[in-house]
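Subject: Structure handover

Hello,

Here is the structure for you to look over. My notes come after it.

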Amino acid sequence: MAASFPAPGAPAAPGAIFMRFTIKAAGHIIEDINYERKAVNMNEILELYLAFARIGAVNFGGGYAMLPLLEEDLAKNKGWVTREELLDYFAIGQCTPGLIALNVSTFVGNKRKGVAGALAATLGFLTCPIIIILVIAIFMKNFADIEAVQHAFAGIRVCVCVLIIQAVLRLWKKAVVDRTTLILYLVIFFLAVFGKHLFFAVPTALLVIASGVFGVFFGKGGQDK
Amino acid sequence: MTLISLCIQFFKTGLFSIGGGLATLPFLYEISDRFHWFSHADIADMIAISESTPGAIGINMSTYAGYTTGGIPGGILASLSLACPSVIIILIIARFLEKFRENKYVDRAFYGLRPASIAMISAAGINVAMVALFDLSAFQESHFLPDFFVWKGLILAVLIFIGQKKIKIHPVAFIAASAVIGIIFKF
């Protein structure tokens, strides 16, 4: 395959580089699928599926509310990912197409068991929401208007809020390592919370990409070592 | 035929809505206008339902729209189409990262990405808090500072915060307990 591409050192258009990379990546994925067909242990895939089905069943309050659950189940109890990796996945999941929750599920599943793992994790995460909405659509369209449901979810929102804040406090040291990162944190936080009230809503994906670029130019590498 | 265009529409939504959650809304309104699979009122209802069920609004809306147009298989198919772009794109990015994680520039990018990630998560926490713990509209009406706080919510929040530190049980136990407390004390 390599022969069809320009020799190393030859100038290549960005489009060509992107194409080359995409083809390579697709090749890797196909290689992995072939490899995994032999190596995959169904029990581990099932475990991954069930772990994400459990998270999907209790993931109230959107993508970010998933973080405390992932941290507890996967980072602390199972040791499948580190907390730094979770942060990285959320950052990338925020600025790539698709729902954050699904992006993060795919990431974790892939890290654990490659393509099969990614599919298992994502399908697991989808299972309960799909069933619940189907049940609601079939039997009780006024579900959200039931008084007890509203009270229950007002309570759950309080809990989700505390869980998110605690996750932020735990992860703080992993991300905000010096004065530069503190300033970056404050700027992004300010823009994300108040941006829409003061001037205009900055798309969050843009904020994330900008801070990645900022990191490339002004960052210090090697925090994981 | 409807099933195929259903899949295409939700695949498109998954592909172009960056950031998820409410980012899917503009696409949902567009689908509603073009295909009439669900009305604008349905979207408003679904926002309420999404707040009271697990799962992102995109997934919920695709399941609902799929169900109304194609029954249970439609619901499942539409959600899977929504998830498809995520899986494909993230698999490609993950491969890229595995290859280049040691690269100096990629490593530096994460130096900037992590504080941004934490900032986004904090902002999400604040957004939930503004609904669950604070009541801005009541305060704006009365200009009486205590009205700004949802006292029941704040007390529960403090209890959960302390409880999480003292008792080492799964967060889900706290979520379930808060639901029960919410019903009993009429939050």
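Below is what was found, starting with the conventions.

This is a predicted model: local features need pLDDT of at least 70, side-chain atom pairs count only at pLDDT 80 or more, and totals for chains, interfaces and linings use all residues. Residues are numbered from 1 along each chain as its sequence is written, chains are lettered from A and ligands numbered from 1 in the order in which they are written, and side-chain values use heavy atoms, with hydrogens and water left out.

The interface

On the chain B side, 90 residues are in contact with 103 residues of chain A (contact: heavy atoms within 4.5 Å). The two chains bury about 8700 Å² between them, and 76% of that is on carbon and sulfur atoms. Buried area here is the accessible area (1.4 Å probe) that two parts lose on being put together, summed over both. B:Tyr111, B:Arg114 and B:Met120 supply 10% of the area that chain B buries against chain A, more than any other three residues.

B:Arg114 also forms a salt bridge with A:Asp88, at 2.7 Å, N to O. The rule (side-chain nitrogen of Lys or Arg within 4 Å of a carboxyl oxygen of Asp or Glu) finds 1 salt bridge across this interface. By class, the side of chain B that touches chain A has 54 nonpolar, 25 polar and 11 charged residues. Nonpolar means Ala, Val, Leu, Ile, Met, Phe, Trp, Tyr, Cys and Pro; charged means Asp, Glu, Lys and Arg; the others, Gly among them, are polar.

Salt bridges overall

Over all chains the count comes to 10 salt bridges. One of them joins A:Glu44 and A:Lys113, at 3.2 Å, N to O. This pair links distant parts of the chain: A:Glu44 is in helix 2 (residues 42–58) of chain A and A:Lys113 is in helix 5 of chain A, 69 residues apart. Helices are DSSP runs (H or I, at least four residues), numbered from the N terminus.

Regards

Key
Helix = DSSP H or I, 4+ residues; strand = E, 2+ residues; numbered from the N terminus.
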